[in-house]
Amino acid sequence: MQTSFQNDCSYEEYHSNKLWRQASLKKCPVHSDGQCRLERHGIYERYDPDGRNKTRIARFICRRDEGAVTNSLLPQFFAARHPGTLQEFEGQVAAAEKLGAGKATEQLRSSQSNG
Ligand SMILES: [Zn+2]
């Protein structure tokens, strides 16, 4: 599960100030009654928007039920569940909307088959 880290920082600010260390999850995103025990659960690495270096993402865990739920706090400049930044992703969506579904699908298929 991923939760957006509510912070307007840029990638550079996030990485150079190691802001994953300050990320905190105040409420469990699974259980809304505030009765959960949330703990830090390490970090994982993710490539930066240029795909060259890795930065770190904080993870938390809710141990309320028998099956523990982990949650990563993804900075807003990353698009959840997609590589790259949210801005790049939005640009691709806008381009696809301009083309129309048929042509966008055609273009996506040809770019995938070209490698
Ligand atoms: Zn919970």
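In which sense do strand 2 and strand 3 pair, and over how many bridges? Strand 2 and strand 3 pair in the antiparallel sense, over eight bridges. The model is predicted: local features need pLDDT of at least 70, side-chain atom pairs count only at pLDDT 80 or more, and totals for chains, interfaces and linings use all residues. Residue numbering starts from 1 along each chain as its sequence is written.

**Sheet**
- An open sheet of mixed pairing is formed by four strands in the order 1-4-3-2; strands are DSSP runs (E, at least two residues) numbered from the N terminus, and two of them pair if DSSP finds at least two bridges between them.
- Strand 1 (2-5) and strand 2 (38-47) are the edge strands, each pairing on one side only.
- Strand 1 and strand 4 (residues 69-75) run parallel and are joined by four bridges, with Ser72 in strand 4 as the bridge partner of Gln2.

**Hairpin of strands 2 and 3**
- Opposite Arg46 stands Thr55 in strand 3.
- Six residues lie between the strands of this hairpin, where Gly51 takes a positive phi near 75 degrees.

**Nonpolar core**
- Phe5, Ala23, Leu25, Ile57, Ala58, Phe60 and Leu73 make up the largest nonpolar core (buried Ala, Val, Leu, Ile, Met, Phe, Trp, Tyr and Cys residues joined through C-beta atoms within 7 Å; buried denotes 20 or more other C-beta atoms within 10 Å of a residue's own, with C-beta atoms placed from the backbone).
- Strand 3 (residues 54-62) provides the largest share of this core, three residues.
- Leaving aside residues up to four places away in sequence, Ile57 touches Trp20, Ile43, Tyr44, Arg46, Ser72, Leu73 and Leu74 (C-beta atoms, placed from the backbone, within 7 Å).

Key:
A residue is buried if 20 or more other C-beta atoms lie within 10 Å of its own, exposed if 12 or fewer, and partly exposed in between; C-beta atoms are placed from the backbone. Two residues are in contact if their C-beta atoms, placed from the backbone, lie within 7 Å.
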